[in-house]
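This report looks at a ligand site and at charged pairs. The structure comes next.

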Amino acid sequence: MILITGGAGFIGANFVLDWLAQNDEPVVNLDKLTYAGNPETLASLEGDGRHVFVQGDIGDSKLVDRLLAEHKPRAVVNFAAESHVDRSIHGPEDFVETNVLGTFRLLESVRGHWSALPADQKAAFRFLHVSTDEVYGSLSATDPAFTEENKYEPNSPYSASKAASDHLVRAWHHTYGLPVVTTNCSNNYGPFHFPEKLIPLMIVNALAGKALPVYGDGMQVRDWLYVKDHCSAIRRVLEGGRLGETYNVGGWNEKPNIEIVNTVCALLDELRPRADGKSYREQISYVTDRPGHDRRYAIDARKLERELGWKPAETFDTGIRKTVEWYLANGEWVANVQSGAYREWVEKQYDAELAAAGKAGA
Ligand code: NAD
Ligand code: TYD
């Protein structure tokens with residue numbers, strides 16, 4: 001049995017689905033179901049006794065203590081977080097609450113559980129903390145990619161809250177001996193990605209005939225990894241990672257944002273051409289830049305390859321095609337996820353800005 005937190009979100013749900021497709025070890029899935037948590041993503045597991053879903057907060061110590069006592073997991077994988085940089089700029093408090101305080105409370109619950117285990121189970125136990133490359137700050141065009149030796153220099157409320165959580169995890173290892181490993185991954189993309197993040201937002205807006213908002217000059221660089229490759233890296237680190245170590249995870253796919261948007265448009269032009277025969281590129285709209293926008297992220301994932309033999313299975317070309325095809329085939333999931341609280345946010349954040357620029361609906 002393993003305990004997954006945040007397993008109704010984008011990466012956590014992909015992880016749970018892959019895990020149960022590959023082995024029969026059961027999963028307890030603790031997720032608060034914020035706007036980003038979507039039980040529909042896990043619909044294929046309905047009636048599957050290997051998946052126990054519990055709606056709740058990682059910061060609810062009583063609940064977490066009870067789950068640990070009841071299910072006695074051999075490992076905890078912590079995906080739960082507030083994850084969207086733009087939201088963290090507009091409202092940082094939830095980020096501090098979940099990413100910092102929530103992780104602290106989770107660590108304390110796990111420490112209590114782990115301390116009382118018999119010696120053999122104590123030695124085998126793992127707490128894997130899922131984190132981001134954004135904790136390292138921003139690179140110039142010529143800087144080498146981030147290694148695990150880079151200083152932490154987080155710039156956004158999101159990355160600062162993730163950096164704080166990484167430091168807590170590190171301290172719980174050094175001070176209390178909790179058997180932890182941390183992964184710092186680059187930008188993920190793939191199925192079940194919420195359409196507030198760059199790639200799914202571009203696909204969904206393009207199909208809806210809306211503007212494709214590119215921040216600033218569109219030349220910010222991110223390193224992109226197909227979500228299933230992130231999941232395989234986490235499985236590898238969970239089984240073989242050295243205690244107290246951090247492992248960078250990346251796809252060696254550095255791309256400027258505008259190139260990503262152009263690629264998405266080209267795939268849609270091929271797979272679902274616009275009725276008027278024009279390219280979806282016509283919908284691209286440059287908008288005001290994000291405050292404090294990090295210019296470039298790049299990941300050096302050689303430690304993970306050297307120590308644990310991990311390599312991504314997808315190239316960007318294969319991964320992005322699969323992703324666009326998935327969104328074309330799953331319009332109902334997209335429609336459902338765009339309702340309620342999520343929809344209100346998108347309207348406030350993007351539609352108002354585009355309307356002000358006179359470009360709404362492109
Ligand atoms: P997401 O926003 O899609 O999902 C987060 C999930 O956590 C949601 O299901 C939400 O309901 C749940 N959650 C939020 N607060 C909670 C709380 N207090 N208690 C319990 N559950 C809670 O995020 P994601 O993109 O799947 O990211 C998962 C993890 O991976 C995060 O820790 C994120 O920092 C990290 N990460 C993400 C990326 C990326 O590109 N998306 C890259 C590197 C690392
Ligand atoms: P995002 O998917 O929000 O991930 P992150 O900020 O964690 O890297 O954004 C990826 C890049 O795309 C980032 O440089 C911001 C940019 N971006 C846009 O240009 N337009 C958009 O509408 C969004 C959501 C992001």
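## Ligand 2 site

Of the 19 residues around ligand 2, Glu-134, Pro-213, Arg-222, Arg-290 and His-293 come nearest. A residue is near if one of its heavy atoms lies within 4 Å. By class, the shell holds nine nonpolar, five polar and five charged residues. Here Ala, Val, Leu, Ile, Met, Phe, Trp, Tyr, Cys and Pro count as nonpolar, Asp, Glu, Lys and Arg as charged, and the others, Gly among them, as polar.

The model is predicted: local features need pLDDT of at least 70, and side-chain atom pairs count only at pLDDT 80 or more, while totals for chains, interfaces and linings use all residues. Residues are numbered from 1 along each chain as its sequence is written, chains are lettered from A and ligands numbered from 1 in the order in which they are written, and side-chain values use heavy atoms, with hydrogens and water left out.

## Polar contacts and cover

Which backbone lies 2.7 Å from a nitrogen atom of ligand 2? That of Pro-213, through an N or O atom. Such a polar contact is a pair of N or O atoms within 3.5 Å. The side chain of Asn-257 places an N or O atom 2.8 Å from an oxygen atom of ligand 2. His-293 has a polar side-chain atom 2.7 Å from an oxygen atom of ligand 2.

On its own, ligand 2 has 510 Å² of accessible area, and the protein covers 97% of that. Areas come from the Shrake-Rupley method with a 1.4 Å probe. The elements giving two or more residues to the shell are α7 (198–207) and β8 (212–215). Helices (H or I, at least four residues) and strands (E, at least two) are DSSP runs, numbered from the N terminus.

## Salt bridges

The count comes to 23 salt bridges. Each is a side-chain nitrogen of Lys or Arg within 4 Å of a carboxyl oxygen of Asp or Glu. Arg-50 and Asp-24 form one, at 2.8 Å from N to O. Arg-50 lies in the loop between β2 (27–31) and β3 (51–55) and Asp-24 in the loop between α1 (10–22) and β2, so the pair ties together parts 26 residues apart in sequence. Asp-24 is exposed, at 58% relative accessible area. Buried means under 20%, exposed over 50%, partly exposed in between (1.4 Å probe, protein chains only).

Glu-314 bridges to Lys-322, with the closest N and O atoms 2.5 Å apart. Glu-314 is buried at 17%; Lys-322 is partly exposed at 39%. Shared partners join Arg-242, Glu-245, Lys-303 and Glu-307 into one salt-bridge network.

Definitions and conventions:
A polar contact is a pair of N or O atoms within 3.5 Å; within protein, one must be able to donate a hydrogen and the other to accept it, and residues adjacent in sequence count only if both atoms are side-chain atoms.
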